Amino acid sequence: MGMTVVEKILARAAGLPSVKVGDVVEPQVDLAMSHENAALVINQFQEVFQGTGLAPKVWDPSKIAIIFDHRVPAESPKTATNHKKIRDFVKANGITKFHDVRGDVGGICHQILPEYGYVRPGFVVLGTDSHTTSHGALGAFSFGVGATEMASAWALGIAVNIEVPATIKVVVKGEFPPMVGPKDLILHLIGKLTAQGANFKVLEFHGETIRKMSTSGRIAICNMSVEAGATSGIVPGDEETVRYLREEAGVTEAIPCVTPDADAAYVQTVEIDVSNLAPQIACPHMVDNVKPIDQVLGTKIQQIVIGSCTNGRLDDLEQAADILRGKKVAEGTRMLVFPASSKIFAKALDKGLIHDLMKAGAVVMNSGCGPCLGVHEGALGDGETALSTTNRNFKGRMGNPTGFVYLCSPAVAAASAITGVITDPRNSN
Amino acid sequence: MPKVIIKLENDISTDDIYPGRFMATVLPTETPQFAFFDRTEFNAQLKAKTFPAGSIIVGGENFGCGSSREQACSTLKGHEVAVVAKSISRIFLQNSINLGLQVVICPGIEASEGDELEITADQVFNKTTGKAFAQVKLPAARKGIMDAGGLIPYTRARLMAKQA
């Protein structure tokens, strides 16, 4: 019996000729990523060493990445002190893949990792963030863990007791209609699978639509795979993966890709044709409460948000700017834009996109997690409604338990900013 | 016998258990104050220590979905409650095992607030209704971590074994 991509990756990383679903393996970790919650990882890590007589030392500082993104710049003395504690640890341990609060190399962890070539096809990537699934876009097996599991990986260099997950094969065909794209695809898939439909499983993406999709789009779909409960989303590495890593991340080393065997076993196959897909909206308060846009047209929106690790890349900002150029954000609606990284911000500046968005009335914020998880800025008022290109709409997600969050593509968000109500971008000009 | 102190709906997210705005608080000694913060009454009861240790939260499907924030487990662990749910999201389940929070997957569970539940090795018995419900066994691979008392002591033992 052949192996899926993730089975192949785990077999290689665990030093085994082959693995199958349910096997318990302990893969070597190729990259261990944390953000601000490294403060807790450090605490747990130091506790591991208590009473051992050993000095707390990470297994390999070159394989640890720490990126400040959840609350940047710090919103409180508490966060600033966490940042400080992490900086000291980074320095003491010689961690080089560190991205501080900076306007040149800063950004959201799930954008920084691909952008700097830290993730390669075939890697085992652990991150103390559920959206670590994003890095499956580059053909890696990449999954979210808690802080204590990360502390264990920092100490041992392996992921302990990993059960080989079953894989769902997702085959996507057809060409996206205008104003419909990867975000609509993943929302549609989550609606179909439900929020726990892929719990403990991997989503492996195939088909002509995926092959033609940019790495940016692939990041969006892998990012949100966790919203169907998936351990990881993964697009087997291909020509586009190599192109991205060479041209955009400046990788010069060989980039071997891992592909599944033709006779690999899948627990389920899902086929989707996007040729007639309408823009999709995830309605409050669950990500799998997905409806085609015509069912929610006209819903009044107080806050539009474009950005995040899901949809804050250059193509997303470009699409939004194209729609908003020469137009104005509706009165009574505010629009927040936060690019996924400083590099993207700078490129958007060079292309004039930031100017277009600001002229339309958008507030452009620094790169970071911003309003997405309601910890920092862009909170909703009581009973207010947001339309956002981010990835979660749970009750209270945008900082207010009485608020409502709808999730959508950048095209829908931009078109709706002009009208102040949920608007179909296919009909606006 | 432990009682059900709250019965929750499906898809309880970690944002619900521990809202994102308190994420700068990380230490397990400090997180319990924010448990279910936006369920004001329940949060107040937890903080007032209204419930004895071992009291049970009953959840529906997909309990603990969403963010990987470990505070969602440490906050409940701090209140010494147990979770019985129809299904549990992967990261939350793993975090619970790692921290030693008692979680039980019980797909057929039927219980109301105030019911007395007896959790044994392979079932949950609702003493109030007289009905028993089968548990889904946690993966055997997790047993080592549970037997060691959590992932920290487990990792410590592995580290020492590596040195020897």
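The following questions and answers go through selected features of a predicted model.

Student: What conventions apply to the numbering and to this predicted model?
Tutor: Residues are numbered from 1 along each chain as its sequence is written, while chains are lettered from A and ligands numbered from 1 in the order in which they are written. As the model is predicted, local features need pLDDT of at least 70 and side-chain atom pairs count only at pLDDT 80 or more, whereas totals for chains, interfaces and linings use all residues.

Student: In what order do the five strands of the open sheet in chain A stand?
Tutor: Strands here are DSSP runs (E, at least two residues; helices are H or I, at least four), numbered from the N terminus, and two strands pair if DSSP finds at least two bridges between them. The pairing in this open sheet of chain A is parallel, and its edge strands, each pairing on one side only, are E4 (97–99) and E6 (141–144). Neighbouring strands are turned by 15° against each other on average, direction ignored, where axes are lines fitted to C-alpha atoms, for helices over the stretch in contact, and angles run from 0 to 180 degrees between N-to-C directions. The order is E4-E3-E2-E5-E6.

Student: Where in chain A does A:Pro73 lie?
Tutor: The peptide bond leading from A:Val72 to A:Pro73 is cis, with omega near -20°. A:Pro73 belongs to the loop between strand E3 (64–67) and helix H3 (77–93) of chain A.

Student: What is omega for the peptide bond from A:Pro284 to A:His285?
Tutor: A:His285 is found in the loop between strand E12 (280–282) and strand E13 (290–292) of chain A. The bond from A:Pro284 to A:His285 is cis, and its omega is near -10°.

Student: Is A:Asn161 buried or exposed?
Tutor: A:Asn161 sits in the loop between helix H5 (147–156) and strand E7 (162–163) of chain A, and has a positive phi of about 50° although it is not a glycine. A residue is buried if 20 or more other C-beta atoms, placed from the backbone, lie within 10 Å of its own, exposed if 12 or fewer, and partly exposed in between. Because A:Asn161 has 21 other C-beta atoms within 10 Å, it counts as buried.

Student: Which helix of chain B gives the most to the side that touches chain A?
Tutor: The contact takes 40 residues from chain B and 47 residues from chain A, two residues being in contact if their C-beta atoms, placed from the backbone, lie within 7 Å. On the chain B side, helices H1 (14–17), H4 (90–99), H5 (143–148) and H6 (151–163) each supply at least two residues. The helix that gives the most, with eight residues, is H6(B).

Student: What is the phi of B:Gly130 in the turn of the hairpin?
Tutor: Strand E6 (residues 123–126) and strand E7 (residues 131–134) of chain B run antiparallel and are joined by four bridges, with B:Ala132 in E7(B) as the bridge partner of B:Phe125. These two strands form a hairpin with four residues between them, and B:Gly130 in the turn has a positive phi of about 80°.
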